[in-house]
Amino acid sequence: MSDKLTFHFEVDGENFSSAGEASVIMKKKLRQLGFSPDIIRRVSIAMYEGEINMVIHADGGAADVTVTDDEIIIVLADHGPGIPDVSLAMQEGYSTARDNIRALGFGAGMGLPNMKKYTDSMEIETELGVGTTITMKVSLN
């Protein structure tokens, strides 16, 4: 592959029945492109966690994925409330999910930590009242 491939997904907020659709579609695309199961798993987990976070906390957003010869770049952007304390949000088990979300089995506080764990780099840009953009990269080399 000498050209980059790009994929765009809209993430519907507050709709748990469609949460994770982008990561499932991306998983299929990467499989069709012949990527290794490890790369597919890492990208799928990172995207899924990000999608769930956008549904739980930000009323949805957008996921853009760029596949190049060297890396897969995942950009998740929302117009939610922003993250008040990124270092606290990065702690395993910390969650601001409401009780009704937790009753559905979500909001365990592993989203951001798992996104970081399964990617080679992750940057968080957030502004209170404006939204959050997370850029993750998975190296192919």
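Predicted model: local features only at pLDDT ≥ 70, side-chain atom pairs only at ≥ 80, totals over all residues.
Figure 1. Helices are DSSP runs of H or I with at least four residues, numbered from the N terminus. Helix α2 covers residues 37–58, and the residue that follows α2 is Asp59, with a positive phi near 60 degrees. From its first C-alpha to its last, α2 reaches 30 Å over 22 residues, close to the 32 Å expected at 1.5 Å a residue.

**Figure 2. The crossing of helices α1 and α2.** Helix α1 comprises residues 21–32, and its axis comes within 8 Å of the axis of α2, with a crossing angle of roughly 165 degrees. Because angles over 145 degrees count as roughly antiparallel, α1 and α2 are therefore roughly antiparallel to each other. Their crossing is right-handed.

**Figure 3. Residues in the contact between α1 and α2.** Helix α1 contributes Glu21, Ala22, Ser23, Met26, Lys27, Leu30 and Arg31. From α2, the contact is made by Ile40, Val43, Ser44, Met47, Tyr48 and Glu51. By class, the residues of this contact comprise 7 nonpolar, 2 polar and 4 charged.

**Figure 4. The open sheet of 5 strands.** The strand order is β1-β2-β3-β5-β4, and the pairing is antiparallel. Strands β1 (5–12) and β4 (121–127) stand at the edges with a single partner strand each, so one side of each is left without a neighbour in the sheet. The twist from one strand to the next averages 10 degrees.

**Figure 5. The hairpin of strands β2 and β3.** Strand β2 (residues 60–67) and strand β3 (residues 71–77) run antiparallel and are joined by 6 bridges. The hairpin passes from β2 to β3 through 3 residues.

**Figure 6. The pairing of β3 with β5.** Strand β5 spans residues 131–139 and runs antiparallel to β3, with 7 bridges joining the two strands. Leu76 has Ile134 as its bridge partner in β5.

How values were computed. Residues numbered from 1 in each chain as written. Heavy atoms only, no water. Axes fitted to C-alpha atoms, helices over the stretch in contact; angles between N-to-C directions. Parallel < 35°, antiparallel > 145°, perpendicular 65-115°, else oblique. Left-handed = near helix turned anticlockwise from the far one by under 90°. Contact = heavy atoms within 4.5 Å. Nonpolar A, V, L, I, M, F, W, Y, C, P; charged D, E, K, R; others polar. Pairing = 2+ DSSP bridges. Expected span 1.5 Å × (residues − 1).
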